Amino acid sequence: MSNVFIAFQANEDSRPIVDSIVADNPLAEVVYSPGLVKIDAPNRLVIHRETIEQEVGRDFDLQEIHLNLVTLSGHIDEDDDQLTLSWGH
Amino acid sequence: MDAKVTNKKLGLKPRYQTMTRDLGWTTSYQYMDKVFPYDKYEGIKIHDWDNWEDPFRLTMEAYWKYQGEKEKKLYAVIDAFAQNNGQLGVADARYINALKLFVQGVSPLEYCAHRGFAHVGRHFTGVGARVAAQMQSIDELRHYQTQIHTISNYNKYFDGMHNSNHWFDRVWYLSVPKSFFEDAMSGGPFEFLVAISFSFEYVLTNLLFVPFMSGAAHNGDMSTVTFGFSAQSDESRHMTLGIECIKFLLEQDPANVPIVQRWIDKWFWRGYRLLTLVAMMQDYMLPKRVMSWKEAWEMYAESNGGALFKDLERYGIRPPKGWQDACEGKDHISHQAWNTFYTYNAAAPFHTWTPNPEEMDWLSEKYPDTFAQYYKPRFEYYGKKHQEGERFYNTTLPMLCQVCQIPMVFHEPGDPGSICYRETDHDGDKYHFCSDHCKEIFTNEPEKYVQAWLPVNQIYQGNCFPEGTDPTAPGFDPLAAVLDYYEMEVGRDNFDFADSQDRKNFREWNGGVEEEVSP
Amino acid sequence: MRLTTLTDYPYETKDRRKNFPAPLLYIGWDDHMMFCAPVCLPLPADTPFGALQAEILGGVYGAHPDFAKIDWSGVTWLKSGQPFAPDNALSLADNGLGHKDVIRFKTPGLNGLQGSHG
């Protein structure tokens, strides 16, 4: 099984996004390096807009992650409510 | 009569479809094949463009909004950096030479990518692919501009950054990135996507960006870090285009598989060879080191690449042919490259130096099987000669590989004490290569590579002197004439860091204090 | 044409012999990778092979401490990777060396700085 990952700039804007991902993906592991936070998960990782909205306390457009996204791996499925990274079908 | 219209907002996928694909049409005044003349000749078969899944559905409205926000933040940081003399915060002025290499060799590639994606963004029949390429073209122009802006502050204070466009088209080592991208740009649109979107922007991208950006962070170069992070979110869109295009091509027709495989083989190897410059930068040009090239290769190529090619097995794709040799090279290429630039520093507009004893210890630790055995003796010797006032500069032009255009510095796989020589005869002439893989790239498309503008060969043809030069005049110095043609400031842009104006200036600006520099 | 193109097109082979003042010869000194790569030199076809060791290679390789110790009578040569026995009295051309040929020499017992092949 291979890992998917997503990485963000480590700042106050990305913190609630990272926290949301960790809450929704129990197998996810978070690693910090200077300026960067990387989240690995086996095979699949889902980001839910609703979870982020609960964290930030305002409406959140999922595409806002572009402001702090650094890199990712895996196939992407995206709509207004979720972004999923996965390997295989 | 007013009918009450339900104002329901379209979801992301239909919204994106409406604003992009649905704006395309099948032409009726001209045949589609005439309007899009380039997307069949490569032999790639596309049966249904509707199966193209848009990577990252950013409509233009969302694009401008988020890119605009990123730009505001980035330029605020660049301004602050300039106002606060951020260039003094750099730990060691040797680091600036990594930036010189970047603006000379990487930034022009952003511009090439801008042009290349603009071109393919016109030539696919599929609207989804055209839109994705057009947006990437704007991203790449943004990268070129933001890199120039970021580095422009350093240009006010350090040598070697003022003439990069002129150098890109002429200076010997810059033909390596130039020929890489021109090879891609002169291929068809599908090859361009596999070469750049997939092989470069997906498979190898982290090996370019992470070393430069984390190197910048560790060495106090905050404006480059900021640029890097600002660009990286664009890069993640590019990555998704790369993975989508490979999936799409492989799923459209089994006949595409061998064509795509050949391109993956070619472009993995060309990209790997291009990364030689990054490997050297990472191991030798960062006074505060992050991780070794070997470690970066193991993390970003071997682990990630392993996962990726496992996923592509189901299409009948195997890992690239050069994979094993590239992995074997991880213990060597940075040292081989630094040795090249150290010894040819008379002709390169950035500074080099011998690693100090602490740095040699780090290199020995990170490369336990190779550094002390093959490379340390040379650097120790160079340090000794420099101290004796005889700093070694190689003054004989090197043999270049016909394809990657790098001097033939790479070793025979399995035999690190020996240079790898490969050759072939074509149309009455001999051609030479650094490896089996560059040779195979040549033999698959010889008509392309016999046209290569090889810097050394062009110098010997007399094509690299300033206009009006008379090579028959008494006292003519060809090497000096070449440096003139390069428009390098001899004695300022080139030669050892230890004796450079950069070093003198930086020491003065920091009140006469500096970190230990060899020799 | 092996290259896939839209149509046939005329192209220029850049490194034909006629474009150079003299044929190019590539020369490498095995086990001495202080010289990072083999070198490229335009040498007139009638240059005596012996001029390499007598005059030319000193300018190329003289900076290496091994160079002064070379016993030229024991040196072995390869041409395109195959054993090659040049005659010092004959010209490069008469030794069978043409444009863009590659030769390498080994100096037995001299294996670079501290024997590191460098």
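Here are legends for a few close-up views of this structure, which is a predicted model.

**View 1. A three-stranded open sheet in chain A.** The strands of this sheet follow the order β4-β7-β6 in chain A, and their pairing is antiparallel. β4 (44-48) and β6 (75-78) of chain A each have a single partner strand and stand at the edges, so one side of each is left without a neighbour in the sheet. From one strand to the next, the twist averages 10 degrees.

**View 2. The pairing of β6 and β7 in chain A.** Let's step in to β6(A), which is joined by four bridges to strand β7 (residues 82-86) of chain A; the two run antiparallel. Look for A:Ile76 here: its bridge partner in β7(A) is A:Leu85.

**View 3. The interface of chain C and chain B.** In this view, 45 residues of chain C are in contact with 52 residues of chain B. About 4300 Å² of area is buried between these two chains, and carbon and sulfur atoms give 57% of that area.

**View 4. Salt bridges and polar contacts between chain C and chain B.** Two salt bridges are found across this interface. In a salt bridge, the side chain of C:Arg16 meets that of B:Asp429, with 2.8 Å from N to O. There are also 22 residue pairs in polar contact across the interface of chain C and chain B, both residues at pLDDT 80 or more.

**View 5. The side of chain C that touches chain B.** The elements giving two or more residues to this side are β1 (24-29), β2 (39-42), α1 (50-61) and β5 (101-106) of chain C. β2(C) provides the largest share, four residues. By residue class, this side of chain C divides into 24 nonpolar, twelve polar and nine charged residues.

Definitions and conventions
Residues numbered from 1 in each chain as written. Chains lettered and ligands numbered in written order. Predicted model: local features only at pLDDT ≥ 70, side-chain atom pairs only at ≥ 80, totals over all residues. Heavy atoms only, no water. Pairing = 2+ DSSP bridges. Axes fitted to C-alpha atoms, helices over the stretch in contact; angles between N-to-C directions. Contact = heavy atoms within 4.5 Å. Buried area = accessible area lost by both parts, 1.4 Å probe. Salt bridge = Lys/Arg side-chain N within 4 Å of Asp/Glu carboxyl O. Polar contact = N/O pair within 3.5 Å; in protein donor to acceptor, adjacent residues only side chain to side chain. Nonpolar A, V, L, I, M, F, W, Y, C, P; charged D, E, K, R; others polar.
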